[in-house]
Amino acid sequence: MTPDRRPLSADLARIAVFAALVIVLGTVMVPLPSGVPITGQTLGVMLAGLVLGARRAPLSILLVLALAAIGLPVLAGGRGGLGSFVGPTAGYMLGWVAGAVVIGLIAHGGRFTWWRAATGALIGGILVVYLFGIPVQAAVTGVPLDLTALSSVAFLPGDLIKATLATVLAVALRRAYPRAFPKAAGARAAAGAAGTGAVAAQ
């Protein structure tokens with residue numbers, strides 16, 4: 001398959017833009033007694049995966065986490081520092097990275113469609129993040145895993161709204177500015193086949 005080639009500067013700019021988006025969305029926060037707040041940052045993760053794809057999206061999330069690790073207040077509620085990586089939200093942050101990869105793989109595994117985008121946002125942006133976050137939250141807080149999972153139901157309505165919003169925004173952006181997106185696997189394969197056919201015909 002022909003790789004999705006674009007200038008390095010363009011890639012870096014896109015990665016930086018979505019890292020900034022995740023940081024800005026962290027200012028939208030609803031504190032909860034569990035210690036894990038409802039934030040807008042998951043929306044940024046979903047959008048990064050849908051727009052940047054499986055290779056570039058995790059880099060934007062890792063950039064946010066790197067900035068947090070050196071102490072910058074880039075996480076929800078203006079948090080930062082290494083202490084953030086040993087608290088109850090640590091697993092969710094790791095889940096962002098894995099989730100961004102899964103979202104990108106699903107959304108761009110073929111021709112980009114609304115149902116691929118929605119499936120990616122639901123599986124990668126919610127299920128994968130929960131699979132990383134809930135066990136770590138339970139371990140850090142000392143609350144049994146089943147009770148922690150039950151308390152996480154409070155996040156589900158908001159996350160479903162974020163998945164819907166991310167899908168709508170990504171589909172609209174795809175129509176308005178398709179160059180922002182990586183080429184689908186099917187398109188790359190078709191381009192490769194066409195190129196092979198042209199060479200053979202010469």
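At 33% relative accessibility, Leu-156 counts as partly exposed, the class between buried (under 20% relative accessible area) and exposed (over 50%), with a 1.4 Å probe and protein chains only. The model is predicted, so local features need pLDDT of at least 70 and side-chain atom pairs pLDDT 80 or more, while totals for chains, interfaces and linings use all residues. Residues are numbered from 1 along each chain as its sequence is written, and side-chain values use heavy atoms, without hydrogens and water.

**Exercise 1.** Find which helix gives the most to the nonpolar patch.

*Solution.* 
1. Patch residues have over 30% relative accessible area and no salt bridge; nonpolar side chains (Val, Leu, Ile, Met, Phe, Trp, Tyr) are joined within 5 Å.
2. The patch has about 1000 Å² of accessible area together (Shrake-Rupley method, 1.4 Å probe); Leu-94, Phe-132 and Leu-156 are among its residues.
3. Helices are DSSP runs (H or I, at least four residues), numbered from the N terminus. H4 (114–141), H5 (145–151) and H6 (156–176) each supply at least two residues, and Leu-156 is in H6.
4. H4 gives the most, with five residues.

**Exercise 2.** Locate the partners of the salt bridges Asp-11 and Lys-162 form.

*Solution.* 
1. A salt bridge needs a side-chain nitrogen of Lys or Arg within 4 Å of a carboxyl oxygen of Asp or Glu; the count is two.
2. Asp-11 pairs with Arg-56, with closest N and O atoms 2.7 Å apart. Asp-11 lies in H1 (residues 8–25) and Arg-56 in H2 (residues 41–69), so the pair ties together parts 45 residues apart in sequence. Both are buried.
3. Lys-162 pairs with Asp-159 at 3.0 Å between the closest N and O atoms. Both lie in H6, three residues apart, about one turn of the helix, and both are buried.

Definitions and conventions:
Patch = residues over 30% accessible without salt bridge, like charges linked within 9 Å, V, L, I, M, F, W, Y side chains within 5 Å.
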